[in-house]
Structures are given as C-alpha cells and as structure tokens.
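Hi,

Here is the structure I promised to pass on. Have a look at it first, and my notes on what turned up follow below.

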Amino acid sequence: KRLEYHCQIDPKIEGAYLGDETRLKQVLVNLIGNSVKFTPTGSICVIADKLEDGRLQVKVVDSGIGIPADKLEAIFTSFSQVDVSDNRKYGGTGLGLTISKSIVKAMGGDISVQSEEAKGSTFSFIVPIQSQTAETTDLKNKFVGILTQNSVLFETLNTYLKSLTPDCKVEPLNPEITIDLQPDDVLIVEYKAWQKLSTVRIGNY
C-alpha cells in the first residue's frame, strides 16, 4: 500500500512515565493495524497529547473507508466488523478493538471513535499516566556502567540516558571481568548478565 504515515507528539510529553508499556503498545498496534487494514490509500497519523489534567491522549487518524453511523455503537463488541464481507476481504477476528477497550478500561481510561463512511476514522484513547521526571536520578557528570552483553539493549539505554542528561558518561561493562566502580558511579544490570557477574570493586574495597 502507498500510505503516508505521520506522527505528532506533544512537546509536553517528556521525561519518564509510570505505566504499562506492553499494554499501551498492544493498544497502539491494534489501532494502527486496523487503520492500515481499512485504508486503501491516503494517510494515517498518530497524535499524542498530554492533557491539562496530566492524562495521556492518543489519536489514530486515518483516511480509510470509515464506519457507517449505525455501526459505531457496536464497533467495540467482540467479533464485530462493519460488514460481513469485511472478514473475507480484510481478514481478522474482530477482537482487536474489544481487547483494546478492555486494556484501556483496566488502566482507568476510556476509548472512543469518530468516523464518517468513505471519509475515514479517528480512534482515540485517554489513560492516566504518572510522570517520573521529578524522581529521576541526577546523572550530571556521572559514570553509568551498563552490565549487558546485548548491544541493542545498551544502545537503547545509552540513547535514553543521554536524552535525560547529555553530560553523563555511559559505557558497556563485561560481566565476565572484574568491574571497578567509584561510590558515585551508577550501575545498571541486565538480569542475564548478572548471572555471569564475576567481581565488582567499589573504591578501595
């Protein structure tokens, strides 16, 4: 498909937040997957905003086939599709939106849809999130050792930590050799690497 994809993230969404990343990702995968499935041509846009009350609002906007007004009410029920022929044409079980609604509700949020047939749909969910920015450890000019043998994990953590504190020094550590740290150093340990850990020395100890 030749679709245009866009993403708009509110600048107020910054730092770290407390929430269920896996479940949020599942909701997004379901909503974006639906948009891709039911948008033959045009665009899909994901918009994330931090509301005045601190909650997170995410919208998935597409220019797809849309949903008839008389089908909107049932769209979040199990095995629901706009038309019986949709299952044959587009595939799927009709459970994605039902699962997404259950996840959002369990997180204390709400999910809704606005749509017009042949003009597209906007699925929107709002969930409470708790900012962890104020509790972030001050890493300015500190050494951060990441004990892992997973290069992808290291690069992910390195990018994230540098976005929080550009002045921190981040290095990978090998669990199979002795690690020398100072009292003010920060050590991040991957569980699998911890099992292989040899020795950690702090200062003169």
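Predicted model: local features only at pLDDT ≥ 70, side-chain atom pairs only at ≥ 80, totals over all residues.

The strands β1 and β3 (residues 42–50) pair in the parallel sense, over seven bridges. They belong to an open sheet of five strands, ordered β1-β3-β4-β6-β5, in which the pairing is mixed. At the edges are β1 (3–9) and β5, each of which pairs on one side only. From one strand to the next, the twist averages 10 degrees.

Now for the helices. α1 lies across β1, β3, β4 (56–62), β5 and β6, and runs at about 175 degrees to β6. α3 also packs on the sheet, where it touches β5 and β6, and its direction makes about 140 degrees with that of β5. The buried residues of α3 (residues 96–106) are Leu-97, Thr-98, Ser-100, Ile-103 and Val-104, and they pack against α1 (21–37), β5 (110–116) and β6. Just after α3 comes Gly-108, with a positive phi of about 80 degrees.

Is Ser-121 buried or exposed? Ser-121 counts as buried because its relative accessible area is 6%, and the cut-off is under 20%. The side chain of Ser-121 makes a polar contact of 2.7 Å with that of Ser-115. Leaving aside residues up to four places away in sequence, Ser-121 touches several others, among them Val-60, Asp-62, Ile-67 and Gln-114.

Note on methods
Residues numbered from 1 in each chain as written. Heavy atoms only, no water. Buried < 20%, exposed > 50% of the residue type's maximum accessible area, 1.4 Å probe, protein only. Polar contact = N/O pair within 3.5 Å; in protein donor to acceptor, adjacent residues only side chain to side chain. Contact = heavy atoms within 4.5 Å. Helix = DSSP H or I, 4+ residues; strand = E, 2+ residues; numbered from the N terminus. Pairing = 2+ DSSP bridges. Axes fitted to C-alpha atoms, helices over the stretch in contact; angles between N-to-C directions.
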